[in-house]
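Here are a few exercises to work through with the model open beside you. Try each task before you read its solution.

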Amino acid sequence: MHYYDLVFETCDISEHLERKLGFEKIIVANHGIDVVDLDTRNFDGKKNIVGIGKNPNRLSSAVKSGISAVSLAEPTIDKGLIAAMEDNGCILCIGLSDIMSYYGMKRTRLIYKMNKLFEYSRKKVGVSFVTLAKSNSMMCSYMQMIELAKMIGADESYARKSISEINEKLLVEE
Amino acid sequence: MKDKHRYILVESGVEISDNDIEDFSSGLYSGLMHCIGEANYHRVNPKIVNFVGRNRFIIKSSLSGSGFLIAALALLKRVNSKETYFYTLKTSGTIKALSSFEY
């Protein structure tokens with residue numbers, strides 16, 4: 001099984017690091033697939049993007065235009081947005097680096113919200129677990145990603161499928 | 001009945017010198033206790049069994065608790081007030097298999 005992760009450009013990625021962490025490929029944002037903050041930037045019509053944002057209306061309109069994936073800045077359930085994602089075959093990306101960067105109650109609360117979002121979404125859309133790390137310290141190995149996905153509510157087989165098959169769909173040749 | 005256990009090869013974001021081994025170990029156990037929780041710590045029962053080079057070590061846990069330990073190592077970003085991170089590189093039932101890990 002081949003595993004994939006998606007990180008920001010600020011990470012220092014090498015082939016050695018990919019192999020060490022057990023990934024076939026660590027996808028770097030803006031090298032093939034773009035990661036765009038749709039709260040601050042207008043959607044420019046490009047389809048190979050992961051749209052990040054809080055505003056469900058802006059995200060919904062981008063989803064209807066055919067973007068590849070959405071990552072919610074606040075993991076709250078918006079039924080309209082999930083329905084639009086289901087209709088357009090859009091992937092939901094859950095960023096694991098968020099739970100690594102917080103501590104205590106804030107982290108616990110975030111895990112709870114991600115769990116609710118995952119439980120609601122998994123039957124409707126493909127849920128992708130990626131780190132979306134901004135630095136190497138927020139990255140982790142494939143087996144850590146599987147365990148974090150299980151902590152959020154995925155079972156072993158879904159966690160593996162998410163990190164392999166679903167994440168592979170984010171892979172776009174430059 | 002004999003307890004089944006798992007060994008995990010871990011890479012640390014900071015170097016661990018010979019003088020720091022005790023401090024590092026106690027700081028790591030305390031951080032893991034925080035991440036895993038007192039109620040579940042005994043299920044994991046982590047113990048560093050070997051240091052490999054300057055920034056790698058092998059940690060032992062119970063077989064059933066190894067998942068908790070792997071997740072906790074991803075969440076743990078500070079040991080003894082020092083910023084760090086932990087990558088779990090390989091798991092095995094024997095130490096020998098981990099000692100020959102190349103990457």
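Predicted model: local features only at pLDDT ≥ 70, side-chain atom pairs only at ≥ 80, totals over all residues.

Residues are numbered from 1 along each chain as its sequence is written, while chains are lettered from A and ligands numbered from 1 in the order in which they are written.

**Exercise 1. Describe the fold of chain A and work out why its radius of gyration agrees with that of a compact globule.**

Step 1: Start with the elements, where helices (H or I, at least four residues) and strands (E, at least two) are DSSP runs numbered from the N terminus. Chain A has seven helices and seven strands, in the sequence order β-α-β-β-β-α-β-α-β-α-α-β-α-α.

Step 2: Turn to the dimensions. The radius of gyration is taken over C-alpha atoms, and the globule rule is 2.2 Å times the number of residues to the power 0.38. For 174 residues a compact globule would come near 16 Å, and chain A has 15 Å, so the two agree. The C-alpha trace spans about 40 × 40 × 30 Å along its principal axes.

Step 3: A residue is buried if 20 or more other C-beta atoms lie within 10 Å of its own, exposed if 12 or fewer, and partly exposed in between, with C-beta atoms placed from the backbone. In chain A, 46% of the 174 residues count as buried. Two residues are in contact if their C-beta atoms, placed from the backbone, lie within 7 Å. Of the contacts in chain A with a separation of 6 or more, 53% join residues 24 or more positions apart.

**Exercise 2. Classify how helix 2 and helix 3 of chain A are oriented to each other.**

Step 1: Two packed helices are described by the angle between their axes and the distance between the axes. Axes are lines fitted to C-alpha atoms, for helices over the stretch in contact, and angles run from 0 to 180 degrees between N-to-C directions.

Step 2: Helix 2 (residues 56–64) and helix 3 (residues 79–88) of chain A cross at roughly 10 degrees, and their axes come within 9 Å.

Step 3: Angles under 35 degrees count as roughly parallel, over 145 as roughly antiparallel, 65 to 115 as roughly perpendicular and the rest as oblique. Helix 2 and helix 3 of chain A are therefore roughly parallel.

**Exercise 3. Find which helix of chain A gives the most to the side that touches chain B, and how it packs there.**

Step 1: In all, 14 residues of chain A are in contact with 14 residues of chain B. Helix 6 of chain A gives the most to this side, with six residues.

Step 2: Helix 6 of chain A packs on helix 3 (residues 66–75) of chain B at an angle of about 100 degrees, with the axes 8 Å apart. That makes the two helices roughly perpendicular.

Step 3: Among the residues that meet are A:M143 and A:L148 from helix 6 of chain A, and B:I70 and B:L73 from helix 3 of chain B.

Step 4: For confidence, the predictor gives the complex an ipTM of 0.93 and a pTM of 0.94.

**Exercise 4. Is A:H2 buried, exposed or partly exposed?**

Step 1: A:H2 lies in the segment before strand 1 (4–7) of chain A.

Step 2: A:H2 has 14 other C-beta atoms within 10 Å, so A:H2 is partly exposed.

Step 3: Leaving aside neighbours within four places in sequence, A:H2 is in contact with A:E24 and A:S164.
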